[in-house]
Amino acid sequence: MLFNSISFAIFLPVVFILYWFVLNKSLKIQNMLVLVASYFFYGLWDWRFLFLIFASTLVDYLVGIAIDNNNENLKRKKAWLWVSVIFNIGLLGFFKYYNFFADSFIDMFQLFGYNITSTWTLNIILPVGISFYTFQTMSYSLDIYYNRLKPSKDFLSFATFVAFFPQLVAGPIERATDLLGQISSKRVFSQNQIIEGLKLILWGLFKKMVIADALAPMVDDIFTNYSTYPASTLILGVTLFSFQVYGDFSGYSDIAIGTSKLFGIELMSNFKFPNFSRNVAEYWQRWHISLSTWFRHYIYIPLGGSRVSKLKSVRNICIIFLVSGFWHGANWTFIFWGAFHALAFVPVFLLGRNAIYKDSVVAENSFFPSFVEIGQLLLTFAIVTFSRIFFRSESLTDAFGYISRIGSDMSYAPYQHPLGYRMTDYFILVLLFVLYEFRMRRDERSPFKFKNKYVRFAAYTLVIFAILLFYDSGFDRSFIYFQF
Amino acid sequence: MKKLILKIGLYGILFVVALECLTRIFYLGEDKPNRFLDKNNVEKWVPGQEGYAMTGNRKQNFIKFHINKSGYNSYHEFAPTKDKIEVALVGDSFIEGFHQPYARSTGRKIEDSFKQQLEVYEYGYSGYDMADQLHLMYSYKNDFELIDYVYIKLKFNNDLMRSKYEVSHSRLNMQSPLNNLLKKSKLLIYLTDIGFIDPIKSFIGKTNAFIRNNKPQKAAPAVDQNKIDKEYLANFESLVDLYGYDKEKNVLLLDVEETSPLFITYLKENNYQYIDFGNKINHSDKPTTLIYDMHWNNYGRKIIADLITEDLRSKMNLNK
């Protein structure tokens, strides 16, 4: 079930009404409702994969208890942790990476002149959201292992934590220390929280349906036919993709966070205006925050983080970026994307500038950014956008073909929209979007922060109007990150 | 809780009102002309209507229409005479032309190439099939007898599904009081046009189907194309028997690539005149259809007009 579908528009109010007005007598019943609703939400894609979620839930629930029971025996404690890690990584490995490894193995042999016929690859469907919920359940076992959390004795709450539908298929990847506690405690009906949630849902729909979906036909056209376009069009294509993927994923996250609020549950922010980052390090503090946080907590810090020698720190940085790239997809393009970011991040780290913008935003105390800041924003945006060529291309050959075409055909030709629309409309749209986000850059949770209620109403109306204006019924409206 | 529900309800109403205003200000809701059945049971547009038709999924095509006294979209009044040369184009939405500026319609292009020495009457109406078309010509026999040349657009796979004319109630149901009331809201018209309502319709349809019959649908039986072709040919013969057909005057406009060879052979053997536009339309170097739908664009209409002009010249033996 997609957030931007009619089924969800019916599903959500029904669950909301049942949750607050019908089955509100006890926490257990509310959790049961959320669990059933979550399984239904997921089952509409493919009910067969519900057993994977259930298996992951059951394994980590039991492993959590076993780790805690063996607190005194480090060896056994570790062994139980490995059960969780091997099971979850095993699921991922089989469903997401098996074919990649099989193909790469065959390619490697062929490189050395051995011809192996590919009969090893399997016809497997990638279960939606597997990368997200396996990481979430794994984090639970890891937190218990590191004594940050006591295991849950309430299977229903734990199962609800794993399958919580607003964030089940594409995050934010929540840690049990944050989400499980909320699910296990009584929620209070708060009108303000619900209104905030509705506003975030509206803003998320705008980002998805207006920004991302409107740009998609152009991006698809340019990346598919890159060999026929000049550099100007290719630069336009990857720039638009930058906005598309941001609108798509951050839109999804806003809807997820907003939907959660409707049930009295707060999720972590996943995006904090990454387009206004002053260096690559700041970008990673603002883009897909839940995943970066996961990697920092469970890989980077256990490896020693930045508290080891410079060389080892650089190694750690490279590891998390490569793993992050690989997490995105079983394709060399993602590994290159990760490697590129590692290369861009390491100089910032070595110069000691990786945390200087941690607690501030661009133009912190002024209306306009300074010229230096503008230069920083443009440079960071250019680096990140360039890396997206790897992210968006189907293969490394396409990615390098795209890049070499930019270098070889440095001519300009006006680009025509594949459906015949005026390109100016889209340039204005993106510009207005950037300006609006710049205005709200201090608070990603308040997209309609206007004191005057009439202005606020006008903003809501314009956003809905824009959704209607850019709605395209003939277009596939699924989310990009569902493929991960 | 009550306060929240009231607030959401109130905001909902205010949003609808504001969006209705915006839709009207930006002229997004198409003007939908009304249909009617005339005294001869021919379905047409109510004469005298004017407005703007908008096509394309982002309403980027904004065209003025004018329904003449005969009930068709044209700036001509259809008044055939014995003295002048008149040509009729009979067909569906391709001829009707709500997606094209009238000054660049197929008919106008033909008139221009003859330097206004003749008049072209475009009897086009969305959804017309062969039964509609021959019934129209039969019902207005007097007019069509005065018209010198008639070109009838025919799509073999769609237009020969009926063996006799019957009033299409499904189309006329669009004129129900409820629909007429709904037409008052430009927002609703716009939402319907852009397909925003489709998921809701589809959801209701699926739910109804689920409630009525939960059994999985059986796979559609294999199509016997030969049988269908024969059935369509029989329908054509039946229509010709019922409403008559002037083989000297009438010319079929069809795409031979999309027409059954059985039908083409039949036309040849029985001396029916036809023009194949498919060869030029389908194999053109330049696009011949609109980007957002399959109607002919300006270039596509030029190809059709050129083909008809060529045919007319050969018949009229007129010099350029």
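Helix α3 (residues 50–69) of chain A and helix α5 (residues 130–145) of chain A have axes that come within 9 Å and cross at roughly 10 degrees. α3(A) and α5(A) are therefore roughly parallel to each other; angles under 35 degrees count as roughly parallel, over 145 as roughly antiparallel, 65 to 115 as roughly perpendicular and the rest as oblique. The axes are lines fitted to C-alpha atoms, for helices over the stretch in contact, and angles run from 0 to 180 degrees between N-to-C directions. Helices (H or I, at least four residues) and strands (E, at least two) are DSSP runs, numbered from the N terminus.

This is a predicted model: local features need pLDDT of at least 70, side-chain atom pairs count only at pLDDT 80 or more, and totals for chains, interfaces and linings use all residues. Residues are numbered from 1 along each chain as its sequence is written, while chains are lettered from A and ligands numbered from 1 in the order in which they are written.

**Helix pairs in chain A**

Which residues of α3(A) and α5(A) meet? On the α3(A) side they include A:L52, A:I53, A:V63 and A:I67. On the α5(A) side they include A:I130, A:Y133, A:Y140 and A:I144. Two residues are in contact if their C-beta atoms, placed from the backbone, lie within 7 Å.

Now take α1(A) and helix α2 (residues 27–46) of chain A. Their axes come within 10 Å and cross at roughly 165 degrees. That makes α1(A) roughly antiparallel to α2(A). In this contact, A:F11, A:V15, A:L18 and A:Y19 of α1(A) meet A:Q30, A:L33, A:A37 and A:F41 of α2(A).

The table sorts the residues of both contacts. Ala, Val, Leu, Ile, Met, Phe, Trp, Tyr, Cys and Pro count as nonpolar, Asp, Glu, Lys and Arg as charged, and the others, Gly among them, as polar.

**Domains of chain A**

The domain assignment gives chain A domain 1 (6–187) and domain 2 (192–278 + 357–483). Such bounds come from an automatic or database domain assignment. The C-alpha centres of the two domains lie 29 Å apart. Across the boundary, 15 residues of domain 1 of chain A are in contact with 16 residues of domain 2 of chain A. On the domain 1 side, α1 (6–22), α7 (165–168) and α8 (176–184) of chain A each give two or more residues. α1(A) gives the most, with 3 residues. That side divides into 9 nonpolar, 3 polar and 3 charged residues.

**Chain B**

Chain B has 14 helices and 9 strands. Its C-alpha atoms fill a box of roughly 80 × 50 × 45 Å, taken along the principal axes. Of its 320 residues, 29% count as buried. A residue is buried if 20 or more other C-beta atoms lie within 10 Å of its own, exposed if 12 or fewer, and partly exposed in between, with C-beta atoms placed from the backbone.

Where does B:L178 lie? B:L178 is in helix α8 (residues 177–182) of chain B. B:L178 counts as exposed because it has 8 C-beta neighbours inside 10 Å.

Chain B also touches chain A: 21 residues of chain B are in contact with 19 residues of chain A. α1 (2–25) and α10 (198–212) of chain B each give two or more residues to the chain B side. The largest share, 7 residues, comes from α1(B).
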